[in-house]
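Colleague: I'd like to learn how to read this model. Could you take me through it one feature at a time?

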Amino acid sequence: MAAPDLNLLVPDPRPVPADDAEAALAELYRHEPGVVRANMVSSVDGAAWGATHLSGDLNDAADYRVFRVLRALADIVVVGAGTARTERYDQVARPDGLAHLAPSDAPLRLALVTRSGAVPPSTTVGDRPPLIITGSAGAEVARSVVPAENVLVHGTDAPDLRSALGELADRGLTRVLTEGGPHLLASLLAAGVLDELCLTTTALLEGPLPGRIVAGGEAMPQRAATLGHLLHDPAAHTLLARWIL
Ligand SMILES: NC(=O)c1ccc[n+]([C@@H]2O[C@H](COP(=O)([O-])OP(=O)(O)OC[C@H]3O[C@@H](n4cnc5c(N)ncnc54)[C@H](OP(=O)(O)O)[C@@H]3O)[C@@H](O)[C@H]2O)c1
């Protein structure tokens, strides 16, 4: 079928030698300083996870390739504590073989957003404890697990995300990549601080039980998005979109 609305239609990236495909993706997904970008995956019918409650139920090789490139281009990965717990995040690192795409020599950082201040243990293994974005209600709990200078306190209960992103920028962490989850994505949208949504749609249907990529009670006015680009993996029927918000 013709796809006249696509401003970019690429063939299956998987037969392309890794360096070529990833260099092309790095150009397409260039991450400018100051841009807050989300990377999420969804099934065709809107599920954010599958039978095992993990996004790995949905993603595939093309999604993983973009996932790697987006991490390579970022200064910091920001995730909700729930996602870090469920997906067993470690301290994160530049993806193997992609160090040349990094914006600086500094290691990729991880920040967790939490109201409770409860830091998932998997994220503190290693020599780079995560930054914790929380309110004053969660600060003491967080400081009992990570060094005090790693705890960014903004607000009292749920943290003020705009203010927290300002502190990340003050620390030189200006290319922000969030990998969700759905509650954090909803909060970022409600706060009006998300600039881009990179959304992979894999050719699966999961039914009505899983949640969507946004969750929670925070309402937001309808917003329009424009398509930055759309990639197509015809072998797996996967669509990889970059939406500008
Ligand atoms: N499809 C995808 O791309 C994708 C991406 C990521 C995750 N997931 C899936 O999503 C599910 C988890 O969903 P979720 O909505 O629970 O994830 P989440 O947003 O990462 O986790 C929610 C928890 O994170 C903290 N949090 C998030 N936003 C916050 C905010 N604005 N202020 C304060 N704390 C905040 C809170 O932690 P505390 O309880 O510590 O206060 C909250 O209980 C998992 O099944 C995961 O696999 C899917």
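Modeller: Arginine 88, for instance, lies in the loop between α3 and β3. This is a predicted model, where local features need pLDDT of at least 70, side-chain atom pairs count only at pLDDT 80 or more, and totals for chains, interfaces and linings use all residues. Residues are numbered from 1 along each chain as its sequence is written, and side-chain values use heavy atoms, with hydrogens and water left out.

Colleague: Is arginine 88 buried or exposed?

Modeller: Buried means under 20% relative accessible area, exposed over 50%, and partly exposed in between (1.4 Å probe, protein chains only). Arginine 88 has 68% relative accessibility, so it counts as exposed. Aspartate 75, in the loop between α2 (61–73) and β2 (76–80), is buried because its relative accessible area is 6%.

Colleague: Which backbone nitrogen does the side chain of aspartate 75 reach?

Modeller: Look for a polar contact, meaning a pair of N or O atoms within 3.5 Å; within protein, one must be able to donate a hydrogen and the other to accept it, and residues adjacent in sequence count only if both atoms are side-chain atoms. Here, the aspartate 75 side chain reaches the backbone nitrogen of arginine 175 at 2.8 Å.

Colleague: What should I look for in the backbone angles?

Modeller: Most residues other than glycine have a negative phi, and most peptide bonds are trans. Arginine 88 is not a glycine, yet its phi is positive, about 50 degrees. Histidine 53, in the loop between β1 and α2, also has a positive value, near 70 degrees. As for peptide bonds, a cis one joins glycine 180 and glycine 181, with omega about 0 degrees. Glycine 181 is in the loop between β6 (176–178) and α6.

Colleague: And which residues come nearest to the ligand?

Modeller: Of the 27 residues around the ligand, the nearest are His53, Glu87, Thr114, Ser116 and His183. For polar backbone atoms, check the distances to ligand oxygen atoms: leucine 184 has one at 2.9 Å, glycine 80 at 3.4 Å and serine 55 at 3.5 Å.

Colleague: Which element gives the most to the shell around the ligand?

Modeller: That's α3, with five residues.

Notes
Near = heavy atom within 4 Å. Helix = DSSP H or I, 4+ residues; strand = E, 2+ residues; numbered from the N terminus.
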